[in-house]
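Colleague: I am new to this structure and would like a close look at one part of it, the pairing of charged side chains. Could you take me through it with care?

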Amino acid sequence: MSPFQLTRTLPEDATSAALRADVRHGLTRSPKELPPKWFYDARGSELFEEITRLPEYYPTRAEREILAGRAGDIAAVTGARTLVELGSGSSEKTRFLLDALPELHSYVPVDVSESALTGAGEALLADRPGLHVHALIADFTRVLALPDAPGPRLVAFLGGTLGNLLPGERTDFLRSVRALLSPGDALLLGSDLVKDERVLVAAYDDAAGVTADFNKNVLSVVNRELEADFPLDGFDHVAVWNDREEWIEMRLRARERVSVKIRGLDLVVPFEAGEEIRTEVSAKFRQEGVRSELAAAGMKLTEWWTDAEGRFALSLSTVV
């Protein structure tokens, strides 16, 4: 078998069709919303990498700290021979796990971006020529079919991305992950934790304005891909803490009344002054909440590790 394989499970036009559907649905409802996955074109990905290096944005550093310190423990507990990573991106943090798993045979990165998968796969194989990489171009929120690979398998979902899903979506997602697991397999889950509101808001509204540019990039994507005329300087970036739901909301707020033409959809979207588009929810978690959600999906939380400041957690779960 070739050390690198790439399998497409999404149709060639799936991204375009999904964008059209999400924009039409999200901007014709009240309140308006757009899914956060549309931040991530090439420019958006660059901006997010810049965000991860900002002093206010702790999650990436905190998770990396845990992985660096606990990768050996994760390897010892799981004995994984196949590592599956959902939403793998550049696979940068995954290297801690790859280095710690002595019996690892296969790595299965799952992402919607073919270029990210190819780049990450080539970089990994340059350092690990014996590793089998079978990349999947797929949407991890949909039902997945994993390639044949030896067990035990460790499924990793890092970065706190679970928090971008609404509660019902989290339930469906965790059940779909459970369906991938066999006895002896495990799920490694990254979860950002509830903490002081000032720390949370600062992480999503940095002093340099990088997150504001990142947030507005979703409008740039819609302008380019759907021939819209959103005025980028006509919307302000807003980040607020929702105490009842225990999540951060990122929004774009219209500075004045405006009508936006989206020619690719033959749609006109009116905004009143002060009207908002919700572009991201980022839920924050507590250990018992994570345990409960995993149990409802048929998994048992067996290990819980946090960084030194208790800001972020990695949990390990197995099949009930």
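Modeller: A residue is called buried under 20% relative accessible area and exposed over 50%, and partly exposed in between. With that in hand, and bearing in mind that this is a predicted model, we can turn to E92, which has a relative accessible area of 41% and is therefore partly exposed. Side chains of opposite charge can pair when their charged atoms come close. E92 has such a partner in R64, and in this salt bridge the closest N and O atoms are 3.2 Å apart. The two residues are 28 apart and link distant parts of the chain, since R64 belongs to helix 3 (residues 59–78), while E92 sits in the loop between strand 3 (82–86) and helix 4 (94–100). R64 has 25% relative accessibility, so R64 also counts as partly exposed.

Another of them joins D139 to R142, with the closest N and O atoms 3.6 Å apart; here D139, at 15% relative accessibility, counts as buried, whereas R142, at 45%, counts as partly exposed. A further salt bridge is formed by R224 and E225, whose closest N and O atoms are 2.9 Å apart, and the relative accessibility is 47% for R224, which counts as partly exposed, and 46% for E225, which is likewise counted as partly exposed. Elsewhere, salt bridges that share partners join R29, E33, E249, R251, R253, E276 and R278 into one network.

Methods. Residues are numbered from 1 along each chain as its sequence is written. This is a predicted model: local features need pLDDT of at least 70, side-chain atom pairs count only at pLDDT 80 or more; totals for chains, interfaces and linings use all residues. Side-chain values use heavy atoms; hydrogens and water are left out. A salt bridge is a side-chain nitrogen of Lys or Arg within 4 Å of a carboxyl oxygen of Asp or Glu. Helices (H or I, at least four residues) and strands (E, at least two) are DSSP runs, numbered from the N terminus. Buried means under 20% relative accessible area, exposed over 50%, partly exposed in between (1.4 Å probe, protein chains only).
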